[in-house]
Every structure is written in structure tokens, then in C-alpha cells.
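Trainee: Please take one part of this model and go through it closely. I would like to see how a single chain is put together.

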Amino acid sequence: MKNIFYHLTIILFLTCTCSSPKQKGDDNNKNWQQITSDAKGKTVNLMMWKGDPLINKYMSDYVVPELQKQFGISLHIIEGQGNAIVSILMTELETNKQKSEIDMMWINGETFYQLRQINALYGPFVEKLPNNEYVDWESPFIAYDFQQAVDGYECPWGNVQLAMIYNSDKVQNPPMNLSELEIWVKEHPGKFTIGNEFTGMTLLKSWLIHLAGGKDSLSGKFNEEKYLKHSTQLWAYLQRIKPYFWNEGKSFPASIAQMHQLFSNGELWFTMSNNDGEVDNKMLQGIFPESSRAYVPEIGTIQNSHYMGVVKHSDNKEAAMIVCNFLISPEAQFRKMQASVWGDHTILSISKLPVDWQQKFKEIPDRKYAPERGDIQGRALREPAPEYMIRLFDDFRKEVMEK
Amino acid sequence: MKKEIVIALYFIITIMPLFMGLGYSVLYSFGMVGLMNNGFTFEHWQKLLANSALFTTIGYSLYIRLASLLFILIFALLFSWWLVFKKNKSIFNLLFLPLAFPPLIAAFSWYYILSPAGIISRILYHSGAITDISDFPRLVNDSYSFGIIITHVFLIFPLFTILFIKQAKKERMGAIQEISFTLGSTKNQFFLKVFMPLLLKKTAPLIILYAIFMFGAYEVPLLLGQSSPRMITVFISDKMTRFNLQDIPQAHAMAVTYSVLIVGLTTLFIRKIKTV
């Protein structure tokens, strides 16, 4: 009897101890024609956030059928984002799984940083994509993700800028800087808050950059001294206005969906979005009140891009690359940019496109409730190094939520 | 030999997966496994123990557990008292309804009932009792965790009511009541000195076990709780899934702390039962 337990215990600990995962190198030397031909009939598992009906519709009604029709590829979309993706891939690598359940995923800066940390991304592959020639790599908002060079490890898909959304029936002159916001919040207690999630932290990053001296003041590698100096100012500011936040600053929305819901039902008069065009999208869906408008304060907000990554230990990398190439095609980008479809700004350089496509992009109807891209580009701030986000997340909890 | 095989099978199916998970968390928390770890270290435990949120989290979990349990028992005792002596079968059947609610659905339902933009608030607004939704008192995501407690009570008090009713029948409470009334006892005296102590004593093992396992509540505090302090489970989940991958070993250390706490409390309780 003792022997049985002894052996079972040994097995238990042996199973717990994981060896270092072996990674397959980039051995793909095929040309694009071969890649296209070999990928025919394959099924690609794409993990992405499915929280927006218009984005889901774009994927299911356009991308999925077009990939099947044009390339014979079945695209299978799985719900999951950020931390879920990292968690799955981390577990697969820790258990030395040779073939991933996910072939590609929709990511942005934080996930890119994490996936590069655990060496889970395939690449460089973007230069192999024929449509890469149209990508606006001259833009630092596309070529750099959280101050890290993309280096071909993720394929840009869309570009967005954080915008504040407000109810214009209730707010006639939205605050344009931190002093005006402080006055407004104190005069209208309970109507403003910041989410304890990605978008909220992105807003705090914008404020941190402003306190540090504005554009490019936090560019380059993480600077502890600068962070401590300016984050102290930021926490002092937040401490002053927190008692006037929603729920007296005793709790903070845990997701952007919760912020939007509080805005829709009138509890909040402000919400925010990482997509400057989202207000049009949400109003078309009937989610936001008709008086909703978006703007970018004069102190600026972060602009960044979102990307498609391919899993290093996927055995469907070629088919995943074809999906990426299709997603950055002028046709797919043009469709996605329209407010009635999604309203996501393109990552293509319009001037690099064939003339007929240039014309089509120029004819896309203007946004109705969000500011025009050209008007807010001057207020766009670049993402600082990822360590700023890590520290802001931790310190926001310590310095604001728990005090 | 046959008995040994059955025990071994039981071990493999039930105990081993739990111990494997716990073993993995122990190794992770000491830096021995995990992509972000570089070998044995006490660093993650030191960081966790230096984090004041650890103790507020445990204290808060304890508060939720005791407050919920107190109200669950009060409601269940009063309801079972009423049902045992009134014998209202249709209401007894209704008690099974909340038991069919998954905790997440119950949490959502209470959110929509109690939030400032919820059903009660809207009724009060339209009836003129309040002039703005901000006048409605905060009953979800609130400082006293009223929303969490009421959802726990809604979900669990029917179970204890049914349990108390069954136990009361087993103890022949009707007959005991008649005797006590004959001896001059009042209704209140009978409830406080006979009905309540007898039922609580007889069902004590289940009550204590439930209280221990309520530490593991997740969905309800996630939706209805404050951002700070958090329940243990929400704390672990936050550390496990947040932006900083260096926090994952701390999440495992917290999971180990939680498991040790639960196993310790359960063992203490089992010993106490055996000695009674």
C-alpha cells in the first residue's frame, strides 16, 4: 500500500516539473505562390476579442467567406483576448506542447510585449506578405508598439487613438486639460471615472506624458527617475479628484464595457474609447445616447496600432500569413474603415496605393460624431515603454484604489 | 488487495489532480517552474507577504463569509420556523427556485435590481421619490458589500431552510413544541431556547463546511464587489491575468496560501467533530 502512494507521489512531482520548451525555428523559405498553394484547404484558428457586434459581423460576413472563396482557407474564430491568449500560450510552452491550439491572434502593445517576453511569436514574417508594400511603416505609431520595434513579428491591422466620449446634452464645454477636468469633476460629482483596465491606464499614460512635459517626454527606455517624479504628481492629482468620481471613487469599472454601460444608462457623463471612431459605431448600434460626441483634449491622447500575431509553435503558419495578407489588403482595409462597418482607421499609406484605391479611400464618408483623423493627429502621443504601463497598473491600485 | 486498488483509484481520480495543481503552484511560487522564473527563490513569497493587500484580502473574505452566513442562518431559521408550523407546501416548493440560479446569473439579476440605474431606482425615479439616479443609495459595488451579501443570501438561504425543515421533522419538532407549551413556554422562548439551538447544533457540520468553502466565491464578488479590498479568488485572478507576467508566481503563492488555509480549517473542523 505504501508503495502505491510512494510511486504516485513521485509521478505527481515528475509531472509538475516541466522541461524547457523547444521552439521550431523559422525555416520557411517558400515563395508566396507556394505558400498560397500549400495553405489551400487549411483551417486557421484565430483568437480575438468578440465584444463588438459590428466587428464580429465584419469578420463573419466578410473576412471568413472571402478567405474561403479566394484561398480555400477556413477561418475559425475563437473568443479570447490579451491575458487569455498569453495564459494559453504560456501553458502550452511550459508543458512543451508542440502544436498550438491557436494559430494567430489579434493583439496590441501589452500582449505583444508579453508574447515577446515568453518568445511565443513567429517571425519576422511581415515582409513576406505581398500587401506589406502598402503599409505605412514610416509612421512611428505603426512601426513601434509600446516603444518596441515591430520587426516583422506582428502584422498591423488598424490604428486608433484614445478619445473621450461625452454626453453633449449634459456637458456643453468638455474639459481640455487637467485643470479644467479637476474643476468640472468637482462641480459634477459622480459623473466621471477611470476604468481599472487597459483604456483607463492608457488615459493615465497620456496624463503622465503631459505632466512629464508633453509629446516625446517619455520616449525611449523606461526611466525610473522620471516615472517616480511624474507619477507622484499624477497620484496627487487623482487623490484630489477621486472623492468626486463615480461611487465617490470607492470602486472603479473593471472593463470598458462596464464604463460604456454606465455612460449609456446616464450614471456617467463621460466614457472613453481606444478607438477614436467608436462613438459613431456605438451610435449606429443604438448603444450610446444620440447626444454622444467624441473629442481629444488639447493635452493629447495615446495613439497606437493593433496587430495580428502568428504563434511560433502553430503548424498552420503559412495559412495564418495568408489571412494576415488578406486583412491588410486595400479591399479589406477599405471596408473596415467605414463607420457603418467598423470605423477602424487604416494602417495603409494611402499614397502608396493604386490610384483607384486612393480615390475610394478619399470617398469614405466623414465621421458624424467623432473628430476627423486629420484634426486630432496633432494631439497624438506615442506609447511609452511597457514598464510605464506595468507600474501604472500596480501603483494605481496602491496609490488610488486602496487609499 | 481489492481494497487497495479502490483506494488507489480514489486517490488518482480525486486527490491526485488536486495535489498536482497544488504541487505545481508550490513549485511556481518558489520559482522552480514557469517561463518567467529563473530557479529557486523566496522572492515571490517575500513580495506577497510584504503586500498589505494580502491581509486586507483575507480579512475582507472573512467578513463576507461571516456576514453572509449570519443573514443566511437568520432567514433560514425564521423561514423554516414559519414553514414547519404553517405547512405551506406551495411556498416550500418555491424555495427550490433560487437553487436553480447559477451564481453569475443571480449576481447579474441583483445588479440590475439594486444598481443606481436598476429596477428599484427607476421605479423610485418615476414615482417621484428620487429626482436623480444619483440620489439612490449605492447597494452594489458598495463599501459594506451589501450586493454580495444579499446575493449569497438569495442563493443559499433556501438550501438551509430546506435542511432545517427536514431536520425539524426528524427531531419531531411539532411534538417537542406541544410539550414545551404544556410546560408553560412561550413561542419566543421555544424558538430561542429549543428550535434554534437544536437545529444549529444538528446541522453544524454542514454550516461550518459551507462557511469554509464560501471563501472560494468568485463570480458574485467580481461583479458586485468593490475594486478594493477584493475577495481572495478575485485577488488571485487579478494577479494571474494582469499585465505584469512577473506577478504570476505571486498569484500561485496566494493560491497556496488559500489552499493551506482551507485545508487547515477543514482539518481542524474534522478533528473537532471527531472529539465531540
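Mentor: Start with a definition: helices (H or I, at least four residues) and strands (E, at least two) are DSSP runs, numbered from the N terminus. On that basis, chain A has 16 helices and 11 strands. This is a predicted model: local features need pLDDT of at least 70, side-chain atom pairs count only at pLDDT 80 or more, and totals for chains, interfaces and linings use all residues. Residues are numbered from 1 along each chain as its sequence is written, while chains are lettered from A and ligands numbered from 1 in the order in which they are written.

Now the domains. Their bounds come from an automatic or database domain assignment. In chain A, domain 1 covers 32–159 + 304–371, and domain 2 covers 163–303 + 378–401. Their C-alpha centres lie 27 Å apart.

Next, where they touch. Two residues are in contact if their C-beta atoms, placed from the backbone, lie within 7 Å. Here 22 residues of domain 1 of chain A are in contact with 27 residues of domain 2 of chain A. On the domain 1 side, α3 (53–71), α5 (109–117) and α6 (140–143) of chain A each give two or more residues. The largest share, three residues, comes from α5(A).

Last, the whole chain. Among contacts in chain A with a separation of 6 or more, 83% join residues 24 or more positions apart. Along the principal axes, the C-alpha atoms of chain A fill a box of roughly 70 × 65 × 40 Å.
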